[in-house]
Amino acid sequence: MPRTAKTVEVPAIGELDRQAGQLSLQLAQALRAAINKGELKPGDPLPSTRVLAGALRLARGTVLAAFEQLTAEGFLEAQPGSGTHVALSLHRQPPVPANSADICDITLSSQAQALAQFASQLRPLPPVPFTVSVPINDTAPDDIWRRLGNRIRARGPGAPAGYGEPQGALPLRKAICEYVRKSRSVLCTPEQVIITSGTQQGLYLATQILLDAGDTAWVEDPAYQGITAIFNTLFRDRKMARVPVDAEGIEVAAGREIAPQARAAFVTPSHQYPLCMPMSMSRRLELLAWAKAQQAWIVEDDYDSEMRSSGHPFPSLQGLDPARVIYLGTFSKILFPSLRLGYAIVPQPLVNAFCGARALMDRHPPNADQHVLASFMAQGHLDRHIRKMRSVYAEKRRVLTEAIQTQVSAELAALHPSDQGMHMLLWLKAGLDDRQVARKAAEVGVAVGALSPMYATDSGKNGLILGLGGYTEQQIHQAAQKLNQVLVSLAEAG
């Protein structure tokens, strides 16, 4: 009787992220996880590299590299004449169960505790109204991005290569120079541009490079928690002086009194986060004069500068004094947050320091998306996308304003007027705790951010940050109605 060949099933390992690259490492990780979870057991056969490559639509070499890696680690073993199997030796190496008592006895450093607390505060909100910057449908890049990516990653400059420059890809740095010159009046050369993984990395690098132990920096009050946490967790040997913000921006006179010897100031002049207003020209000139007299640096986080719906965006601080200002920008908000590409434009004397610090963090930014973005910008697609975004967000702002006015009691909350940015601020009336409102709103499927934790003290004002995001008019009105129910119930509870 003839022998029947045994069919080897292709393991269910889920979808690989083709845009992220390193497919052999992804496949190895997926197979390793399947073995650890018991989905693939010791002795189980695996399909041939040719069959598995065909099933997963991968190059055979990619599958071969994953098998070789797992064989070297002892997860797989190749048996002549019978193919590749899950290693039988894994039978003799059961995982050691964690001892909960041992875990409870572990004492975390104060640094670890502070970072863990910040992680809990900054977890991303679910993609429901009113989470900030959710690029869905009319606020997401169109198919041009996908087509450019496919071409550039396959055969163009974004194909796999060796190590790159810590400063980033030159084509992208050139495109950024042209973009910020036209849109933000920034004065720079490509040699002054450092590609980052976003504004957060730019803030980290600036704090690390500009300040020595014992130095003080001005930070707005209220401020983005990403900058205050850097001082509170990672650089506690540097001092942070919280300087109040009024309708014109950071109060320079107050800063002079609070910390006259400060070495840097971290500001959001185009669209103060979280209070939404731009810094006045007189206050900008006052801040620049202070920096020049003090020989201090200004770190300009150009938050949401592109999203001004009426008139032109305000020019940058950097364009007024390029020698004193470190300019930070990002593409994550205007394209999509998962892109993780931003930039720092620094005075020439600081370039090598930023490159060195960047190299120590993660060597260099991922190569492929840099070249995709450079092409996207050079072909004019970014300019068109931003024009579309301004129109879309102006409409979202109109819809949200209408929804709050019609669905939320004016006795409990009032919108802060704003014609710029990707979020709006809802002031809460006295007696309502914004943190409690945010928790209760999350329970009914509405995501809002609390304003008061962004102030230096617990005496901060109570308000909610409402993201405009990629939500339909119906979703926005329904979310506003649910938010009002939360406010009413809390107000009634006293």
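Here is a short chat about salt bridges in this predicted model.

User: Hi! How many salt bridges are there by this rule?
Analyst: Hello! The count comes to 15 salt bridges.

User: What is the idea behind such a pair?
Analyst: Side chains of opposite charge can pair when their charged atoms come close.

User: Okay, which residue does R146 meet in a salt bridge?
Analyst: R146 pairs with D143, at 3.7 Å from N to O. Both residues sit in helix α6, which covers residues 143-154, and they are three residues apart, about one turn of the helix.

User: And is R146 buried or exposed, or something in between?
Analyst: R146 is partly exposed, with a relative accessible area of 40%. D143 is also partly exposed, at 43%.

User: New topic: what is the salt-bridge partner of D369?
Analyst: That would be R153, and the closest N and O atoms are 2.3 Å apart. This pair links distant parts of the chain, since D369 is in helix α13 (residues 367-378) and R153 is in helix α6, 216 residues apart.

User: Is R153 buried or exposed?
Analyst: R153 counts as buried because its relative accessibility is 16%, and the cut-off for buried is under 20%.

User: What about K182, which residue does it pair with?
Analyst: K182 forms a salt bridge with D383, with the closest N and O atoms 3.9 Å apart. D383 lies in helix α14 (residues 381-407) and K182 in helix α7 (residues 170-184), so the pair ties together parts 201 residues apart in sequence.

User: How accessible are D383 and K182?
Analyst: D383 is partly exposed at 29% relative accessibility, while K182 is exposed at 53%.

User: Last one: which residues do shared partners join into one network?
Analyst: D246, E248, R283 and E286 are joined that way by their salt bridges.

Technical notes: Residues numbered from 1 in each chain as written. Predicted model: local features only at pLDDT ≥ 70, side-chain atom pairs only at ≥ 80, totals over all residues. Heavy atoms only, no water. Salt bridge = Lys/Arg side-chain N within 4 Å of Asp/Glu carboxyl O. Helix = DSSP H or I, 4+ residues; strand = E, 2+ residues; numbered from the N terminus. Buried < 20%, exposed > 50% of the residue type's maximum accessible area, 1.4 Å probe, protein only.
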